[in-house]
Amino acid sequence: MDSMDRSILKCLSENSRQSATEISRTVHLSIAAVIERIRKLERNGIIRQYTIVTDQRKMGNEVTALMEVSLEHPGYYEGFTKAMRENDHIVSCDYLTGDYDFMLKIQTRSSETLEQLHRMIKSIKGVSGTKTYFVLKQIKSGLTAVTET
């Protein structure tokens, strides 16, 4: 992967619906070369999927929260992660080092639905502790970082 591939990825990360023509103008490469590079990035698994970013407030989700979760023992990992994958309000679940085992990003309708979700998470077998933060304002959002190495 070279700097041209990174430039193409940056274009796609900003808008995955951009045409090869638009990308070719931005990166100063022929349309055919852009298409071939995108196909190669897909074949090599660098581009895994194309997706959308929704406005959560317009979707009815007024509350965004971050929740740290600790498990009593690593043996509870599978059950916990399965429950997180199955819950639509959990937008991300990261396994961590440090004082807590997981960081969850939650988007939900209200503080009441967050409370219900909090009670559900605390009732999952093996969960020993949580710490929840309300997000006041999102400053930066990005699905992927495309940087030089």
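I looked up Q107 and found it in strand β3 (strands are DSSP runs of E, at least two residues, and helices are runs of H or I, at least four, numbered from the N terminus). The model is predicted, with local features needing pLDDT of at least 70 and side-chain atom pairs pLDDT 80 or more, while totals for chains, interfaces and linings use all residues. Residues are numbered from 1 along each chain, and side-chain values use heavy atoms, without hydrogens or water.

Q107 counts as buried because its relative accessibility is 13% (buried means under 20%, exposed over 50%, partly exposed in between, with a 1.4 Å probe and protein chains only). Leaving aside neighbours within four places in sequence, I listed its contacts as Q56, N61, V63, T64, H89 and V91 (contact means heavy atoms within 4.5 Å).

Next I took the largest nonpolar core, which has 16 residues (a core joins buried Ala, Val, Leu, Ile, Met, Phe, Trp, Tyr and Cys through side-chain atoms within 4.5 Å). V69, F80, M84, I90, L104, I106 and I121 touch the most other members. β1, α4, β3 and α5 each supply at least two residues of this core, and β1 gives the largest share, five. I90 is in contact with M84, L104, K105, I106, L117 and I121, sequence neighbours within four places aside. I also noted a second, separate core of eleven residues, including V27 and I38.

Last I checked helices α2 (20–27) and α3 (31–43), which pack at about 105° with axes 8 Å apart. The angle makes α2 roughly perpendicular to α3 (65 to 115 degrees). In α2, A20, T21, I23, S24 and V27 meet I31, V34, I35 and I38 of α3.

How values were computed: Axes fitted to C-alpha atoms, helices over the stretch in contact; angles between N-to-C directions. Parallel < 35°, antiparallel > 145°, perpendicular 65-115°, else oblique.
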